[in-house]
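Have the sequence and the model open as you read.

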Amino acid sequence: MATMTRMKLKANDRCWCGSGGKYKRCHGDQRALDLAPVELGTVSPPRPVPDTIARPDYVTNGVVGTSRAPQIHDADSLARHRHACAVAAEVLIRTGEHVAVGVTTDELDAIAHDIYVELGAYPSDLHYKGYTKSICTSVNGVICHGIPDDRPLADGDIVNIDVTAYIDGMHGDTSATFHAGTPVPAIAGLVDTTREATLRGIAAIRPFDRLQLIAEAIEPFAASRGYSVIREYGGHGIGATFHADPHVSHHIDRFDDVIVVPGMTFTIEPMLTSGRPTFHQAADGWTEHADDNRPSAQFEHTVLVTDSGAEILTVTASGESAAGTLDSLA
């Protein structure tokens, strides 16, 4: 980890963007990154899902009891998983189109909910371990698991929308961070870096090789731009089970000896912060706030390990994704 510390961009270093200016006067501008805490608003009741739409077991019996074994597919289960992931990608894209100044995150939840239902999918978040909304919406300094409420988005805000769709017995999980109104350059740098870090992690996957290749692609890249990786949260195996093994770390962990194999599916979802990588949980039992209120961003894809690398599953039938594709790294 000493190498990681030396690689971290400092305030007086030249900014990574190529402007020639100091990082602290450019994408590390403290004035732009010092945000007021996000105040929790009023949360509306859960939205109903038609009885004709199949639910995960934990919704019907209240128990999250499916096996945590790594999700490794045969041809049939992979086809069903592709469908769930494509649905999640469409929900995310269409919901993200409504992010704007003055729109509340509860309105975004209502939009996403209606799209899930239109596509015949159940919102996996809804009633998972007591969660009462259909998506997570994490604004500005909220690291993750923000609950949609009646707070309207302000000009310059960012919001991560996290979507998981359950259909055909499979969960598809994806997220992206969106700008409301005019992007703040220093915050836009964080968002762009987080998207690229996610794609770099996916591109690093090799069959029969270490899962840690993902972290080795993400953490040094984030540090080179002055950002920190949240260590306490990571990706997870996914398929018939919402959260399964392996845990996918986005920080370098020399004790992580997991090997990935073809047919395995899991999420890659790094959370980067422009401040200290410490946070606390709000009284609602879900919302994770950055201790210093500095903005945080996240992108997420569900990926399949192939015979030659990895394939992003959370794209629409036409190949679109709000979280980006590997082609954008070229």
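Are Tyr58 and Tyr128 buried or exposed? Both Tyr58 and Tyr128 are buried, where buried means under 20% relative accessible area, exposed means over 50% and partly exposed lies in between (1.4 Å probe, protein chains only).

## About the model

This is a predicted model, in which local features need pLDDT of at least 70 and side-chain atom pairs count only at pLDDT 80 or more, while totals for chains, interfaces and linings use all residues. Residues are numbered from 1 along each chain as its sequence is written, and side-chain values use heavy atoms, with hydrogens and water left out.

## Aromatic pairs

Searching the whole structure gives 4 aromatic pairs. Rings of Phe, Tyr and Trp (its six-membered ring) pair if their centres lie within 6.5 Å; planes under 30 degrees apart count as stacked, over 60 as edge-to-face and the rest as tilted. One of the pairs is Tyr58 with Tyr128, which is edge-to-face, at 4.9 Å centre to centre and 75 degrees between the planes. Tyr58 lies in helix α3 (residues 57-61) and Tyr128 in the loop between β2 (122-123) and β3 (136-139), so this pair ties together parts that are 70 residues apart in sequence. Tyr58, Tyr128 and Phe242 form one aromatic cluster.

The rings of Tyr233 and Phe279 have centres 5.9 Å apart and planes at 35 degrees, so they make a tilted pair. This pair also links distant parts of the chain: Tyr233 is in the loop between β7 (228-229) and β8 (235-237), and Phe279 is in strand β12 (residues 279-281), 46 residues apart. Tyr233 counts as partly exposed because its relative accessibility is 22%.

## Charges over rings

A charge sits over a ring if NZ of Lys or CZ of Arg is within 6 Å of the ring centre and within 35 degrees of the ring normal. Arg200 does this over the face of Phe221, at 4.0 Å from the ring centre. Arg225 has its charged end over the ring of Trp16, 4.0 Å from the centre.

## The whole chain

The chain has 7 helices and 16 strands; these are DSSP runs numbered from the N terminus, with helices (H or I) of at least four residues and strands (E) of at least two. Its C-alpha atoms fill a box of roughly 60 × 45 × 35 Å along the principal axes.

Of the 330 residues, 55% count as buried. Among contacts (heavy atoms within 4.5 Å) between residues at least 6 apart in sequence, 71% join residues at least 24 apart.
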